[in-house]
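Welcome, and thanks for taking a look. Please have the model open while you read; the report starts with a question.

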Amino acid sequence: MQKRDMGNKGEDAAVRSLKRMGYKIKERNYSVPLGEIDIIATDGEYTCFVEVKMRKNTLYGAPVEFVDKRKRQRIIKAAMIYMKTHGISDMPLRFDVVSIIGDAEYEKQKSWEIEVIKNAFSVSDI
């Protein structure tokens with residue numbers, strides 16, 4: 001399975017989980033030269049910028065641990081551009097991570113462990 005296909009399956013699963021939690025999905029795979037955001041959504045009063053990380057297992061660490069400082073910086077820069085270009089200044093923002101542990105090649109995604117980590121990092125973290 002191609003890496004992009006695996007990523008799409010993970011993002012699809014993340015979107016389903018977020019919707020069940022009440023998030024309203026606004027955009028997927030938002031990309032600017034400075035970075036990319038997997039999912040942009042609203043959750044109550046918050047505009048949420050969501051990074052999806054998927055791993056087959058935790059042998060080398062939890063998926064959230066792979067959202068390193070460089071990745072967080074790129075997401076934050078892209079989020080600032082999104083907020084500015086969409087004229088969003090009156091909503092608080094939040095950076096969430098959807099952590100998925102499971103094999104994307106295994107079609108029974110019910111066996112995947114999916115965790116939504118709200119406020120996984122903030123602008124002040126960088």
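Which residues are linked with Asp43 in a network of salt bridges? Arg94, Asp96 and Lys118 are linked with Asp43 in this network.

## About the model

This is a predicted model, in which local features need pLDDT of at least 70 and side-chain atom pairs count only at pLDDT 80 or more, while totals for chains, interfaces and linings use all residues. Residues are numbered from 1 along each chain as its sequence is written, and side-chain values use heavy atoms, with hydrogens and water left out.

## Overall layout

The protein chain holds two helices and five strands, taken as DSSP runs (helices H or I, at least four residues; strands E, at least two) and numbered from the N terminus. Their order from the N terminus is α-β-β-β-α-β-β. Of the 126 residues, 40% count as buried, where buried means under 20% relative accessible area, exposed over 50%, and partly exposed in between (1.4 Å probe, protein chains only).

## The sheet

The five strands make an open sheet in the order E1-E2-E3-E4-E5, with mixed pairing; two strands pair if DSSP finds at least two bridges between them. At the edges are E1 (24-32) and E5 (113-121), each pairing on one side only. The twist from one strand to the next averages 30°, using axes fitted as lines to C-alpha atoms (for helices over the stretch in contact) and angles from 0 to 180 degrees between N-to-C directions.

E2 (residues 35-43) and E3 (residues 46-55) run antiparallel and are joined by five bridges. Here Ile40 stands opposite Phe49, and Asp43 stands opposite Tyr46. Two residues lie between the strands of this hairpin, where Gly44 takes a positive phi near 65°.

On to E3 and E4: these run parallel, with nine bridges between them. Val52, in E3, has Val98 in E4 as its bridge partner. Val52 is also 5.8 Å from Val97, C-alpha to C-alpha, though 45 residues separate the two in sequence. With a relative accessible area of 10%, Val52 is buried, and E3 is mostly covered, with eight of its ten residues buried.

## Salt bridges

A salt bridge here is a side-chain nitrogen of Lys or Arg within 4 Å of a carboxyl oxygen of Asp or Glu, and by this rule the count comes to seven. Asp43 is buried at 13% relative accessibility, whereas Lys118 is partly exposed at 41%. Arg94, in E4 (residues 93-101), is buried at 8%.

Glu11 and Arg28 meet in a salt bridge (3.6 Å, N to O). Glu11 lies in H1 (residues 3-20) and Arg28 in E1, so this pair ties together parts 17 residues apart in sequence. Glu11 is buried at 4%, and Arg28 is partly exposed at 32%. Lys71 and Glu51 likewise meet in a salt bridge (3.7 Å, N to O), linking H2 to E3 across 20 residues of sequence. Lys71 is partly exposed at 26%, and Glu51 is buried at 3%.
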